[in-house]
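Subject: Structure for you to look through

Hello,

Please find the structure we talked about below, and keep it open while you read the notes that follow it.

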Amino acid sequence: MTARAARILAAICSCVSLLAFAAPASAAPGSAYQQSGTLPGGAVYVVRGDESSATAAVELWFRAPAPGYDLATPGIARLAIAAAAASSGDHGPSLSEAVTRDGGTLSISVYADIAMIGASVPSWDLANVLRTITASYFTPSISEAGYKVGLRDCAIAAAESQYDSVRTLQDALFARLFSAGAAHYPPVPSSTQDYSKISIDAVRAFAARAFRESNAVLVLAGAVPDAWQSSVRSAAAARGGADAPIDSTLSGRGADVTQSANVSGLGFAWTGPPISDTRAATALDFVADYLFDPDHGTLAAAARKGGADAFVTGQFITLHNPGVLLVTVGGSGAAAQRAKIADAVTAMATPIDGRTFDAARKAFEYHILSQIQTPLSRADNFGWYAAEGNAAYAPGDGSGEYLRAAESLDPGYVAQIVRQYLQHPAIVELSPHGASAS
Amino acid sequence: MKSIVALVVAALLLTSGVSRAAAVVEQPDASSELVGTELLLPAGLDRQTPRQNGLAALVAEAILQTPVDGRPLRDAIDAGGGSIEYTVEPRDVRFYLEGVTGSYAGQIDLFRRALAKPDFGDATLASARAALNARIDEDQHVALNVGIQMLNRAFYADSNAGMPPNGLPETLATFGSADAQQFFSAHYRANDAIVSVVGNAAAIPNDRYASLAAALPAGSSPPVTAQTAALPSTSHQLIAHRDVPVPWLVAQYPAPDLRSEDFGAMLVLTAFIQRTLADVSGVPGLATQSPAQRGVGAFYNFDTRPANVVFYIDGGLGDPTRTFATALTVVNVLGHAKLSGDLGEMKSFAAGRFLEDTASLGDRAWLGAVFAQSRISGDYRTHVVRAIQGTTSADLQRVAARYLGAPTIALVLPRVQQAGTPTVP
């Protein structure tokens, strides 16, 4: 069947459903369901359907080292995922074109150990985009044109990252925390030359290995029809299994360095528990929210109230093993926040009073839930946690595991986790324009 | 074009005219972990007299700082696992309360108590004033906000709706308890209230939502008659210098309201201009940028009266006047020639962007209230998508010619830029 014929058929199907909706009987608003399983071609899927939504999100997550399987090709994962999104082929227009043409949202995220391509589209467009995204990645055929668009896209991302203090600090801190492995390298290098050195053949080889169906987690959320699987371009049988989660080697020492950059900034990072230790990981999520959330955190609020040119943000990055608590401060007043951050973390090693803790935990639980209220944000959560090796721990998962862990927290336990993990940070200060690096 | 209407689920229910004449509309979603409630009242900028610049915001902020159970409402909501915020609009003030289903009844009750007995004492007003002054200062560093505020001042000639949303520090300093109480008593009235609920609404009894309106005195807010002085110029170009890194161009046009037959065509045109501006200015990258990330864009303020459309261009992407000149050319062509060929792609794009940009609970609660205020029943999403789907080439031409002819333009320039001020085409 040609792509055009497929679209006509989809339009006919939509007309049929128009008639079906005209019938008086309808489901109660807000029915939701969650499914998970494995497709014939080996992809793991997680589906969270929601009848009240007018949009649907579809995402593919792959375990793949950002600097390549040889750890010597920085940027290859970012280039490969972009090039595949920009390549048209037997499946019809490129994924990028299919999503943007109908007013959808295309997302690309590359981390040290995982890569994601995703789209959020109006409900009527889901079948088409689901066909395109699975065809584009499960059997990637990267065209010359797609490769060039991918190169341009990466060059732009590289240029932008030079002025992104959070990105710059995270890269610098991870390079200190991890002495080897994917996490030692920036997932999105800031030098365009890194990308231009990567050949199309290398990109194709990487895509064929990283984006194979059996290495994928497919996530659907929002207005997902029951028959969604009919739109997936899945192989008849799996070729091999999924790669194991990709861990990196810890350096085992802290650091306190200054390095030059295009922006000012200050960053702290501590290694934390693995994703399997859900209670401890949730405790550090709580600490990050309580102290460093840019909107609500006590430190961020104090910086705002004091009129400082310092934008504080922090999060516990729930990696497979270990996780990392990352705190960054942007702005010209960043350096002045150093002692305040250190003092705030030290203070958390002593249990905070019960009333304050109860309020902070309730606020934390709300912040977590408010971050998964759209299909796209929910899909992001499901995909991340599945790719990092603990799908059931995703906030919003039907098992309720995350919220149970949050509700189990108490002041003493949080203080214990702080004492256990938040002792020896890596610290990086960014000095703009020519200050010497150490 | 595909049958996009078919897949939009009609889920908005007008539940009652409870609480005297107040309306409660619901978009129930039993699967949501959260509930959001919007309270919409006609107590916005146009209810201010010329001497009351900022009073609408001061009253709203004071309500959020009213002590309940020993701490300001905003802090009490936060500590209970939720959030509350407000927005002062040209015609309305809207509060949005969001929280977790299990504790939402308590959150609603806190808000109801603050509405029933707001504290306009000196201490609360001082805190509210300080919060507004901080907002005003922040706004002055956001070029888009500066531009829109300048444009609104010129746009709303028949009322005070174009006053700055948070007032001015010097006017805020003059208001006392009596001023706030008088404004509240006059304009926070139950009969005008619209309560829009989204999410797991069934988590608490329906009458709790209506209790927000019931907390207010009966009656309706009287309009304030005002005639603003015309700007002492016939120029359609406004210029301001602020502490911003690059120049911005912001343009405003009149636009049809929600109930107009031109509504769908203007949605399509706005989306088309948004995409055109992005293409012309070379907005880079494969991934879709959020509205906050985009340096260029267009949005259609269909929720205010009269409605308007705003285009904006960040000079960080190049000379904004060049991009705008190209957009003007495209608009002129649309107004003078009927497009041939299939409009399906333009309409799909418009419908998609509308749904994508309004997916949060807060957006959905706001839209539920806005459409209820215009007495449009049923699911607003169905209404919007149908309006888009019914647009023809002739509609586009007519609407472009009728509305997009003579923009008012605001240029927000860095203070250091003394020479080389862009010339608007």
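Is Gly252(A) buried or exposed? Gly252(A) is exposed, because 10 other C-beta atoms lie within 10 Å; a residue is called buried if 20 or more other C-beta atoms lie within 10 Å of its own, exposed if 12 or fewer, and partly exposed in between, with the C-beta atoms placed from the backbone. Gly252(A) sits in the loop between strand S8 (249-250) and strand S9 (255-261) of chain A, and its C-alpha is 38 Å from that of Ser36(A), the two being 216 residues apart in sequence.

Before going further, please note that this is a predicted model, in which local features need pLDDT of at least 70 and side-chain atom pairs count only at pLDDT 80 or more, while totals for chains, interfaces and linings use all residues. Residues are numbered from 1 along each chain as its sequence is written, and chains are lettered from A and ligands numbered from 1 in the order in which they are written.

Chain A has 15 helices and 13 strands, where helices (H or I, at least four residues) and strands (E, at least two) are DSSP runs numbered from the N terminus. Of its 438 residues, 57% count as buried, and in helix H2 (residues 76-85) of chain A ten of the ten residues are buried, among them Arg78(A) and Leu79(A). The C-alpha atoms of chain A fill a box of roughly 65 × 55 × 40 Å along the principal axes.

In chain B, five strands form an open sheet with mixed pairing, in the order S9-S13-S10-S12-S11; two strands pair if DSSP finds at least two bridges between them. Strand S9 (237-242) and strand S11 (296-301) of chain B stand at the edges with a single partner strand each, so one side of each has no neighbour in the sheet. Within this sheet, strand S10 (residues 248-255) and strand S12 (residues 307-314) of chain B run antiparallel and are joined by eight bridges, and Gln252(B) has Val310(B) as its bridge partner in S12(B).

Helix H9 (residues 263-280) of chain B has 18 residues and spans 26 Å from its first C-alpha to its last, close to the 26 Å expected at 1.5 Å a residue, the expected span being 1.5 Å times one less than the number of residues. Because 17 of the 18 residues of H9(B) are buried, the helix is largely enclosed by the rest of the structure. After H9(B) comes Gly282(B), whose phi is positive, near 70°.

Best wishes
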